Amino acid sequence: MNSLSRRGFLVGLACATALAATGCGLSGGDPGAAGGPVTGEVKGSITFQTWALKPKYTDYLNGLVTRFQQAHPGTTVNWVDQPADGYLKKVTADAAAGALPDVVNMPPDLSYPLAKQKLLVDIGSAMPDAAKDYLDNAWSAYALPGQSGSYGFPWYLNTGPVFYNKALFTQAGLDAEHPPTTYAELESAALAMAQHSDRKIAMLGLTPVIADFALYGVNVMDPGGTRFTFNEDKGVRFVELYKKLYDAGALIPEALTANYTGAGTKFMNQQIAWAPGSAYDLSNFKTNAPSLYPNVGITKPITNTGHATMFVQGLSVPESSKNKPTALAFARFVTNAENQLAFAKLVNIFPSTKGTMDDPYFSKSDGTDEAKVRVAAAKQLGTAVNYTPVQWSDQMLTVLQQQLAEAMLGKKSAKQALDEVVAQCDKLLAG
Amino acid sequence: MSRQHWLTPWLFLLPSLVAVIGFSLFPFVNTVILAFTNARTIGGGRFTGLDNFGRLLHDPAFWTAAGNSALYVVVVAPALVVLPLLLALLVRRKLPGITFFRTAFFTPVIASVVVVGLIWSWLLDTRGLVNGVLQALGVLRTPIPFLTDQWLLILSAMLVTVWRGLGYYMVIYLAALGSVPRELHEAAQVDGAGRFRRLLSVTLPALRPTMVLVAVLSAVSAFRVFSEVYLLGGPAGGPGGADTTLVMLIEQVGTGLRGDLGYSSALSVVLFLLTLGLLVATSRLDRNEAAS
């Protein structure tokens, strides 16, 4: 202690601070090792992170963990669940720190930037026999465009019908039993509704997102996935259609600033008459908007491509995992046909494994609204496509929303707005 | 051991020092370093000199955001200097039930900003309470686009900020009003000064340092506004992003897995310098006026 001088202490403290400060500035993720099958004993402990499944599905998840541990003695799975809000921030912070859990629940658009930085295990080469178990459209959702490999086990899928408000349809003099099935029919119904209600009832609550462009038949990206192309003529026509609806009062003004949740609330408040959704929403309406529920009509989503859009959730294994054999085995176990079917029966989602959808649960309706939606959605899923490109980011969504607002307000033409979005998104893609 | 006595205060300081270095100094220095790089959220980056600052000068989004933040200061700061003072003068009087009003004016300060934002967004929506009442009374035929017009939206956000700040600054003024010497008032009264004259010649000069403090605090917080605009105008920053403020822009650019940390750090450094400039300018102004 005697040798510790005051000056030495302070200099040491300053150096430690400076080192800590400068050292972290440019730290990057640790790129993983080269691909190839992952072999090794399934043993030891891993951490498994899910996204907002606690406490509703605690029993199911705990059951999975217990059965896996029994089947593989010597393994321990620590299940952690993160709340829905801030999930992206949590994954981002963990990824930046190189501290992602061994098995992480993530949708394709979250896996893409991580896979691009080689922070995720290529499941295709780590477990070459896994691909055959899953539906092709689900498996390919985790591929890097223009490159080989797949970076997640597809876990569950969702697609949905469109919900519409029958009472508002009737009030506007529209046939509530025959909702629109094409864009042209939707346009004329929306215009009629706005006119009939003196602009008090709007059909739509949201400006289009990228998947809507694809459903309209617009080529969103070039085949190589290297640049965006939705400023083509068809994309411009699509935005012009929305502009026409906005001017007529058929698209609520708040659409210019709203996000998806905001539009959902507007539908529940019976301020808009048309809202794309999922089977999950039906139970939400039942609980949170009981006066709306009897008026909810269910119809097929409108598409020009013949395909509906679908959403995929999956499990990825980071390259930073210290126990890849166990992590891969567990992720495959959670996403196997048997476990997915059991999960799908608990919650309104659909399995991503081949043949599982043949179960009568997805093809036979017992007459309840939930069953009707389930059967219709399951039929739709067979040919559904994940229309949101994995390259699409939150920043791009903000740019699209901002430019569409400019177009709706007439500050820019549809073409000018889309050219600007594409230019900015291409820049973000290249960055 | 007596030679080591100098260490004792440092040991007492250690917990706070660790917290300050870890959560304040380190992130600050790190942000400054990142501002000169092209770092992304993941994948690191490399030194790019002043590129980010050059990009910023040619970025229309930056100028829009800086303009909105400046406008916020110009409108909100004077309002928050004057209105809470008037309110404090009003609730200082000893009247029956005045405690209720004091508490009521302070309530918005303790209410969660998210809750407050949601309530105001429901009130100001095109189909919200305000438009509904005005339409029902026949005052309006078409609703006022409070939340979908660029200028009305930022004005609405300012209104919420002022409403939230009133109670807080009112309490500061109440404390200051209590310390204005009573003798001065009595002397002025003897000299024949009326109530308004005493306010101008006694109360306001005595409150000057407090008014400067309130001006500085409200200007700095107005310059860094985020929640009100975000909650009323959505994550994209109002229609076409026209109401984005500097802090919102930093959030938009720098967050997410593909966040541009380098550029958002450069924006943060500029925000810091502008805030510092604002503080220095206000204190200079105060010193010059005091001297004259």
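**Conventions.** I number residues from 1 along each chain as its sequence is written, with chains lettered from A and ligands numbered from 1 in the order in which they are written. As the model is predicted, local features need pLDDT of at least 70 and side-chain atom pairs count only at pLDDT 80 or more, while totals for chains, interfaces and linings use all residues.

**Chain A, overall.** I looked up the secondary structure and found 17 helices and nine strands in chain A; these are DSSP runs numbered from the N terminus, helices being H or I of at least four residues and strands E of at least two. The C-alpha trace spans about 90 × 55 × 40 Å along its principal axes.

Buried means 20 or more other C-beta atoms within 10 Å of the residue's own, exposed means 12 or fewer, and partly exposed is in between, with C-beta atoms placed from the backbone. Of the contacts between residues at least 6 apart in sequence, 74% join residues at least 24 apart; a contact is two C-beta atoms, placed from the backbone, within 7 Å.

**Domains of chain A.** I have domain 1 as 44-157 + 312-379 and domain 2 as 162-308 + 387-430, with bounds from an automatic or database domain assignment. Their centres, over C-alpha atoms, are separated by 29 Å. Twelve residues of domain 1 are in contact with twelve residues of domain 2. On the domain 1 side, the elements giving two or more residues are helix H4 (108-116) and helix H15 (369-381). H15(A) gives the most, with six residues.

**Nonpolar cores.** I took a core as a set of buried Ala, Val, Leu, Ile, Met, Phe, Trp, Tyr and Cys residues joined through C-beta atoms within 7 Å. The largest has 126 residues, and those with the most contacts inside it are Met193(A), Met203(A), Leu204(A) and Phe330(A). Helix H16 (residues 394-408) of chain A supplies the largest share, seven residues. Both domains of chain A give residues to this core, so it lies between them. Leaving aside neighbours within four places in sequence, I find Phe330(A) in contact with Ile46(A), Phe48(A), Phe68(A), Val77(A) and Val103(A). A second, separate core of 53 residues includes Leu34(B), Ala35(B), Leu166(B) and Leu249(B).

**Tyr60(A).** I found this residue in helix H2 (residues 58-71) of chain A. Tyr60(A) is partly exposed, with 15 other C-beta atoms within 10 Å. Not counting residues up to four places away in sequence, Tyr60(A) touches Phe343(A) and Leu346(A). Its C-alpha atom is 8.6 Å from that of Ala342(A), 282 residues apart along the chain.

**Chain B, from the record.** An unreviewed UniProt entry annotates "transmembrane region" over several spans of chain B, including 151-176 and 261-281. Such annotations may be inferred rather than shown by experiment. I checked residues 151-176 of chain B: 100% helix, 0% strand, with end C-alpha atoms 35 Å apart. Residues 261-281 of chain B are also 100% helix and 0% strand, and the end C-alpha atoms lie 30 Å apart.
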